[in-house]
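Here's a quick briefing for anyone meeting this structure for the first time. Have a look at the model, then follow the notes below.

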Amino acid sequence: MRNYSIACIVMAVVALVACEQPAPHAASASNFNVAAYVQQEAKRLQAAQPAILKTVKTEHAPTETIQLNHVNWGDELAVFEDADITKPTLQEYYSRQEQELPDGSKAVSYQRIPDAKAPVSRLLLQISPSGNLQRLEATMHDENLLFYSERNAILEANPQNGHLQSYRINGVQKLIFSDSLHYSIHVNL
């Protein structure tokens, strides 16, 4: 009978602990989830479908600026989701520095350590005092026997609500047996 009472008490404690939900915490520079941010913004923008001005420039071609009223935001922001190195499995490949800026925001920079095999060589996050993303800068490389690519991507967000305001991507691609193609894309919402 006594074992039954102890078992009931243990079960009750386990049930209470299992039902307890962790308190939500504000995003900080130390634990900002880039992929979750990009997915959330893509979902928000996909529903709102704001008109954008998109400027594309490639070598040996005139600059083209167009207004788009419908965009697949998941595809459009995929490069920024690719820049997510804040996963625990990737932390060993990067050195990390954090500093407080004069306006109270925090800048966190990740730099790939020498000889690490990771596509993102640098990531800089600027987080507002309220925990919203203000700026993301990433440099990414992709290389194999047939292909080389380097992209520098910058995303600017409203510090009050974290909503995307603009982004730009500058890059170069090179296929084996072909010339390099330099390009830039700039989008304003």
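Let's start with His70, which sits in the loop between β2 (64-68) and α3 (73-76); helices (H or I, at least four residues) and strands (E, at least two) are DSSP runs, numbered from the N terminus. Keep in mind that this is a predicted model, where local features need pLDDT of at least 70 and side-chain atom pairs count only at pLDDT 80 or more, while totals for chains, interfaces and linings use all residues. Residues are numbered from 1 along each chain as its sequence is written, and side-chain values use heavy atoms, with hydrogens and water left out.

- His70 counts as exposed, at 60% relative accessibility; exposed means over 50% relative accessible area, buried under 20%, and partly exposed in between (1.4 Å probe, protein chains only).
- Not counting residues up to four places away in sequence, His70 touches Gln46 and Gln49, where contact means heavy atoms within 4.5 Å.
- The His70 side chain also makes a polar contact with the Gln49 side chain, at 3.3 Å. A polar contact is a pair of N or O atoms within 3.5 Å; within protein, one must be able to donate a hydrogen and the other to accept it, and residues adjacent in sequence count only if both atoms are side-chain atoms.
- From C-alpha to C-alpha, His70 and Leu45 are 9.9 Å apart in space, and they are 25 residues apart in sequence.
- Over in the loop between β5 (120-127) and β6 (133-143) you'll find Asn132.
- The side chain of Asn132 makes a polar contact with the side chain of Ser130 (3.2 Å), and it reaches the backbone oxygen of Pro159 at 3.3 Å.

**The nonpolar core**

- In soluble globular proteins, nonpolar side chains tend to be buried together.
- Here the largest nonpolar core has 34 residues, and those with the most contacts inside it include Trp73, Leu77 and Phe80. Such a core is a set of buried Ala, Val, Leu, Ile, Met, Phe, Trp, Tyr and Cys residues joined through side-chain atoms within 4.5 Å.
- Among the elements that each supply at least two residues of this core are α2 (34-48), α4 (78-82) and β4 (106-112).
- The largest share, five residues, comes from α2.
- Setting aside neighbours within four places in sequence, Leu77 is in contact with Val38, Glu41, Ala42, Leu45, Leu164 and Tyr167.

**Salt bridges**

- The count comes to six salt bridges, each being a side-chain nitrogen of Lys or Arg within 4 Å of a carboxyl oxygen of Asp or Glu.
- One of them joins Glu41 and Arg44, with the closest N and O atoms 2.8 Å apart. Both lie in helix α2, three residues apart, or about one turn of the helix.
- Glu41 is buried at 3% relative accessible area, whereas Arg44 is partly exposed at 27%.
- Arg122 pairs with Glu137, the closest N and O atoms being 3.5 Å apart. Arg122 is in strand β5 and Glu137 in strand β6, so this pair ties together parts 15 residues apart in sequence.
- Glu137 also bridges to Arg135, at 2.5 Å between the closest N and O atoms, and both Arg135 and Glu137 are buried.
- Through shared partners, salt bridges join Arg122, Arg135, Glu137 and Glu156 into one network.

**An exposed loop residue**

- Phe177 lies in the loop between β8 (164-175) and β9 (181-188), and this residue is exposed, with a relative accessible area of 81%.
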